[in-house]
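Reader: I am new to this structure. Please show me how to read its features, one at a time.

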Amino acid sequence: MLDATVIKSTGSWYIVRTNDGRIIRARTRGKMRLQIVDTSNPVAVGDLVNIELDANYENTGSITEVKPRNNWIIRKANKLSSKRQILATNLDAAILVASLFAPRTSLGFIDRFILCCQSMHVPAVLFLNKTDLLKDEITKVTEELNRIYKDAEVTILVGSARKNQGLEPLLNFISGKRILLAGHSGVGKSTILNTLFPGVRAKVGSISESHEKGKHTTTFAEMFILDKNTQIIDTPGIRDFGVVDIPDGEIAHYFPEFRAVMSQCRFNNCKHEHEPDCGVLKAVSEGIVPQERYYSYLSILHNEDMYK
Ligand SMILES: Nc1nc2c(ncn2[C@@H]2O[C@H](COP(=O)(O)OP(=O)(O)OP(=O)(O)O)[C@@H](O)[C@H]2O)c(=O)[nH]1
Ligand SMILES: [Mg+2]
Ligand SMILES: [Zn+2]
């Protein structure tokens, strides 16, 4: 029996790295005790597992147990699907890569992702990439993001992987952590990884001209081990981030700027919609809580507008 970390997941096979640095291809076997049920991937990148080596083979084995996870980022692909997918587990932080063009990332998508990070106590960074496409709008866009996310406990960084601009703060943040890189297809996740760490050589795709969307170049989540303490998990682009496992009554707790004013609600089960004497509604009307964040809250609460 060997302890190992899952570094790549292809669906049927997993690549794991043992604590003494061996790389092994492994399958799941038999009945594993699972911490999270109903997922399309019972084992995810970042998982600590027990491995039993196959007799007669040196580099293949079976995963016999998944150790309890510190945290995980989980979503469903759309609001109707019942299958959930774990993006990665046991993280120190997560970076959501976004872009305004080719493709466009919506505030709703951003807010769903950072809600999940908040609920798991995973520090989140929003990296707005492709600022070279914004030209003189950069300052305005950056100011907008800083206004909307002022009290959302998410770090806002902007830059261009293609032009190698603005990546230094990102590198400082990454250093010494296990990081998830997530976002729509084509936003530049793999490009960022390659620019920061030229030895990695992750595959980079192009953008379809007619749709301004990525082409799902990265097909499997993969952990790149950059030094002893720094690991980045590059993931395939996701179209939607459907919130799962957060009860309606808890959603507001993971909007940090709501948390500060919720104590003023008259009812302690206030949903902050139409209730009288609601601290959140008051803060929105006074401009203390940004409208954009409040709309995201409502759309998550009503499980709607996934694409907005
Ligand atoms: N203009 C511009 N293009 C960029 C920038 N960063 C990446 N790109 C381009 O965006 C396209 C997609 O980049 P990838 O790194 O493959 O994107 P990804 O997020 O890894 O996409 P998936 O693997 O499909 O999820 C490529 O053509 C990159 O050259 C940038 O800062 N500016
Ligand atoms: Mg990629
Ligand atoms: Zn309220």
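Reader: Is Ser 190 buried or exposed?

Author: First, a caution: this is a predicted model. Buried means under 20% relative accessible area. Ser 190 has 8%, so Ser 190 is buried.

Reader: Which residues coordinate the magnesium ion (ligand 2)?

Author: Look for the donor atoms around the metal. Here they are OG of Ser 190 and OG1 of Thr 218, at 2.0 to 2.2 Å. The two belong to distant parts of the chain, 28 residues apart. Ser 190 is in helix α4 (residues 189-196). Thr 218 is in the loop between β13 (213-214) and β14 (222-227). Thr 218 is buried too, with a relative accessible area of 16%.

Reader: Which residues coordinate the zinc ion (ligand 3)?

Author: Read it the same way, donor by donor. Cys 265, Cys 270 and Cys 278 each give SG, and His 272 gives ND1. Their distances run from 2.1 to 2.4 Å.

Reader: What do the angles among the 4 donor atoms say about the site of the zinc ion (ligand 3)?

Author: Four donors count as tetrahedral if all angles lie between 85 and 135 degrees. At the zinc ion (ligand 3) they are 103 to 116°, so the site is tetrahedral.

Reader: How are the donor residues of the zinc ion (ligand 3) spaced in sequence?

Author: The spacing is C-x4-C-x1-H-x5-C.

Reader: Now the rings. How many aromatic pairs are there?

Author: Rings pair if their centres lie within 6.5 Å. By that rule there are 6 aromatic pairs. One of them joins Phe 255 and Tyr 297. Their centres are 5.8 Å apart, with 85° between the planes, and the pair is edge-to-face.

Reader: Which parts does the pair of Phe 255 and Tyr 297 tie together?

Author: Phe 255 lies in the loop between α5 (248-251) and α6 (256-262), and Tyr 297 lies in helix α8 (residues 291-301), so the pair ties together parts 42 residues apart in sequence. Phe 255 is buried, at 1% relative accessible area. Tyr 297 is buried as well, at 1% relative accessibility.

Reader: Which residues do ring pairs link into a cluster?

Author: Follow the pairs from ring to ring. The cluster holds Phe 255, Phe 258, Tyr 294 and Tyr 297.

Reader: Which residue lies over the face of Trp 13?

Author: Check what sits above the ring. Over Trp 13 it is Arg 25, at 3.9 Å from the ring centre. In another case, Lys 177 lies over the face of Phe 173, at 4.2 Å from the ring centre.

Note on methods: Residues numbered from 1 in each chain as written. Chains lettered and ligands numbered in written order. Predicted model: local features only at pLDDT ≥ 70, side-chain atom pairs only at ≥ 80, totals over all residues. Heavy atoms only, no water. Donors = N, O, S within 2.8 Å, 3.2 Å for Na, K, Ca; no water. Helix = DSSP H or I, 4+ residues; strand = E, 2+ residues; numbered from the N terminus. Buried < 20%, exposed > 50% of the residue type's maximum accessible area, 1.4 Å probe, protein only. Phe/Tyr/Trp six-rings, centres within 6.5 Å; stacked < 30°, edge-to-face > 60°. Lys NZ or Arg CZ within 6 Å of the ring centre and 35° of its normal. Tetrahedral: all angles 85-135°; square planar, octahedral: opposite > 155°, others 65-115°.
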